[in-house]
Structure formats: C-alpha cells, structure tokens
Amino acid sequence: MMAESHSESTSESLTTTSSTSPDQSATITISTPRRSHHHVPEIPIEIISEEEMAILDAAFAATRSFLPSAIRSSPSRIRSITMLSKRKLSACSSDIEDSLLHRFRKNQALGVTDLTGTEWCEKQMENVLCLGRRKVSKAMKLGQARHLELEEEVVKRVRVKVESNEDKWALKLLSSIAAVNQFLFEGRTRELLLVGFVGGQWIVGVIDEVRKASTEDSSDTGPLLSDTKTRVRDTLPAEPQRRNGRLQVMLYKLLWDTVVKEEFPSTRFFNYFALNRHEVLSQDVRDNIADAGIPAQTLEEIVRYYESTFKMLPVANDQLLLRYEFQKDRSIIAEIRFTHDPEWVMSKYKEVIEFWRSEREAEYTPEEERWKCRYCQFAKSCPGNPSLESPPATSSPPREPRSLAS
Ligand code: SF4
C-alpha cells in the first residue's frame, strides 16, 4: 500500500495507453465536457495522462533484465537478503551508475504520484521501479472506478486515433486547454492535466478538481485545488497518509503556479520529450483540434495555445482541500482544508528529486512509520521491515474518527 487510490492510475487507462506507440497507429480515449445549462464550447478532453504512462513503464521495468543484487544490510539479516537476491536479482544495484530518473523516466515527466510514492517510502518506490508493482487491489479498483464516475459527471469520453507521440502530446495539451475553458465557463473542472518545468525537472500532474473559490472557502480568489480520496474504512487515515495527501495537493499548486507564472520552456520541452515541433498532426487529431475551435496543424502551435491559456489564469488559492469519502456509501468522512506551505513542499520536492537523480541511497520509511511495512508488497524481503525476523505486531496504524475532521 502506498497512499489511497486516486485518479492518476486507472487500470482501464493503463491498458488503453499501453497500446499506443510512436510507430503504430492506435486509438486512445478522450473526453468532451458535458453540457450544462451554461454555454460551453465542445472541446475534447484527453484523459490519458503522462503519469499513467509513467506508472505503466514502472510495471514494464519488472520485465527488464535483472543484474546482481548489491543490497547492504546488517549481518543478522544477511540470510533473508541472500534469499531475496536469489529470488529477484535486483535491477536497483548500486553498481548501476545511471540515475533512476534516466533509467525509468527517460524522455518522460515525473508524475506527482511518483513524487508522493517516493515520500511514502523511498525503498518501496525503488523496488516498484526495479521489480514491479503488484496487481491493483479490489479497494484500489473501487477507488479508480469512483474517480472515473466523478470525472464523467463533467466530461464525456470519446476515442481519437493517434499515430505519433506528437499526436499524443497534442491531445494531452488540448485536454488541458479544454479543462481550463470548462473551469472559466462553468467554474469547475475535473482531471485537469498539467505539465510544467519545476526546479529543473519536467513534472506532470492530473488535478482531481479545480473550482472557483467562494467567499466561504477563502478571501483569496485564486482557483481552489482539491483531491478526493476514497476509503475502505469509515475513518480518517493515519497522519503519514494525510501528510502524503497534503503533499500531493501542494505539489499540484506548485505545478499550477509555475505554469501560470513562468515562461513555458518550449525548446527544452521538444528536446526532452524527443518531439518534432513541426510535424503535421494526424487527420483525426487535427479534426479534434479544429472542433475545439483552434486553428493548429502542428504540436508547436498547440504548445503556444497551452502556454497562452494558462497565462490568463491567476495563481492557485493558498487554501487547499483534501476530501475523504467512504467507499461503501459515498458519505464524506472529512473535508480537510489546509494552507499551502511553500517552504515545506519545496524541501520535500528537493529531497524526492535527489532520490530520482540517484544523488543518494534510497531510505527506508522512518522508524516510527514502519507499520507501513505490514502493507508493503516487499515486506517479506525488505531489511527495513522490523517484522522480518519476528512475528508482526497486531496493532494497526493510528486512525482517526470522522469527528476529528476539520
Ligand atoms: S517493507 Fe517497509 S521499509 Fe521496506 S520497502 Fe516496504 S514500506 Fe519500505
């Protein structure tokens, strides 16, 4: 278990995305905003995210050739580690000089879920990258289905044929432009994809919900960013999970503010993602772009629209929102409002980027949070798991009832 399931990793979308390669024609799912009583232009929204692609790539990483393990640990645990080495020769060997970023996210943006997963436990993230993620649990599937349902309240899915990476990126950026338009016309949008260059690194995030702030929300008029977590239990999760959720929404604000305030480094964008700015997009994609009222033939033109669209927007509200929903009856367990903390989020961001750049060894989750190990797919072989050689404790992570909701 990392944090609760959320919208950036739907198994359905993973399957769809996996069929798309730069050399082959493929069909991907996009969505159009649903009509409301307000007039809203019919603009396609693409919901396949770079984050989803990144997660898929992590799963594929498990199938890559494994190299001898060089895991370090105390002598008392050597036996278990040796067993691990025999069972799954680690591709995360410190003999490999290339960074995790370069090995597992080459020409890709880091997803916000990559960053929050790293904050949960760096060692777990490293193992996921090198050994693969276990299958999606029933609870995660339910959470994903719920996110899809919430999304479909405001958007309608359609399918578009893509023939190149330029096509895929054009649709992604078009989806962002469409979501911004929906926000401007209706005051709310969901699943808004954002890509930006933050502190020297390309980051992609799919913001669960963006809506205009009311006077009850805040005196600040900036758009209110929020995320909904679905819960199997009718309780708030432990503080480390709530912290992870706060980090996620603060990262969305960091990304949003960067995109609206700073110049979009388009040359860097085309170079990093290995995209041809002048390539004429496929007919299907151009048709969708034309339907959206945008006269663009190439990715470069769409990039310019993306940049100018976000330049019209204010920075996000300093107040952020995390909503916890009970899976069984969809009642709200809690709505937690909190204030953006720019110093804290930047320090966490730097820590996580150091890990991805392999500037230091991956760390186990802190001692006081080792209860996470009981829910970890690597618990049976991880030297950081305190129960590796003793029976697991029966206690559970601290949970808090609904009454503590702020
Ligand atoms: S067993 Fe614990 S320390 Fe090891 S990877 Fe899992 S959560 Fe992290």
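I began with helix H6 (residues 122–131), which I found mostly covered, with ten of its ten residues buried; I took a residue as buried if 20 or more other C-beta atoms lie within 10 Å of its own, as exposed if 12 or fewer do, and as partly exposed in between, with C-beta atoms placed from the backbone. Helices (H or I, at least four residues) and strands (E, at least two) are DSSP runs, numbered from the N terminus. The buried residues of H6 include Glu122, Lys123 and Glu126 as well as Val128 and Leu129. Just after H6, I noted Gly132 with a positive phi of about 100°.

Before going on, I recorded what kind of model this is. The model is predicted, with local features needing pLDDT of at least 70 and side-chain atom pairs counting only at pLDDT 80 or more, while totals for chains, interfaces and linings use all residues. Residues are numbered from 1 along each chain as its sequence is written. The mean pLDDT (the predictor's confidence in each residue, from 0 to 100) of the protein is 78, and 68% of its residues reach 70 or more. Over residues 1–24 the pLDDT is below 50, and beyond near neighbours in sequence this stretch has 68 contacts in the model, two residues being in contact if their C-beta atoms, placed from the backbone, lie within 7 Å. I marked residues 35–90 likewise, where the pLDDT is below 50 and the contacts beyond near neighbours in sequence number 134.

For the overall picture, I wrote down 13 helices and nine strands, and buried residues making up 42% of the 406 in the protein.

Next I looked at the ligand. I found 15 residues around the ligand, the closest being Cys121, Cys373, Cys376, Cys382 and Gly384; a residue is near a molecule if its C-beta atom, placed from the backbone, lies within 6 Å of it.

I then turned to strand S5 (residues 188–198), which is largely enclosed by the rest of the structure because nine of its eleven residues are buried. Ten bridges join S5 to strand S6 (residues 201–211), and the two run antiparallel; strands pair if DSSP finds at least two bridges between them. I traced Gly196 to its bridge partner in S6, which is Ile203. The hairpin of S5 and S6 has two residues between the strands, and in this hairpin Gly199 takes a positive phi near 55°.

From Gly199 I looked across to Lys350, which is 151 residues away along the chain, and the C-alpha atoms of the two are separated by 8.6 Å. Lys350 lies in helix H13 and counts as exposed, because 10 other C-beta atoms lie within 10 Å.

Leu194 was my next stop, and not counting residues up to four places away in sequence, I listed its contacts as Ser176, Val204, Gly205, Ile207, Leu255, Trp256 and Val259.

Last, I checked phi values. Most residues other than glycine have a negative phi. Arg330 has a positive phi near 65°, and I placed Arg330 in the loop between strand S8 (319–326) and strand S9 (332–339). Ser358, also not a glycine, has a positive phi of about 55° and sits in the segment after helix H13 (342–356). Ser358 counts as partly exposed because it has 19 C-beta neighbours inside 10 Å.
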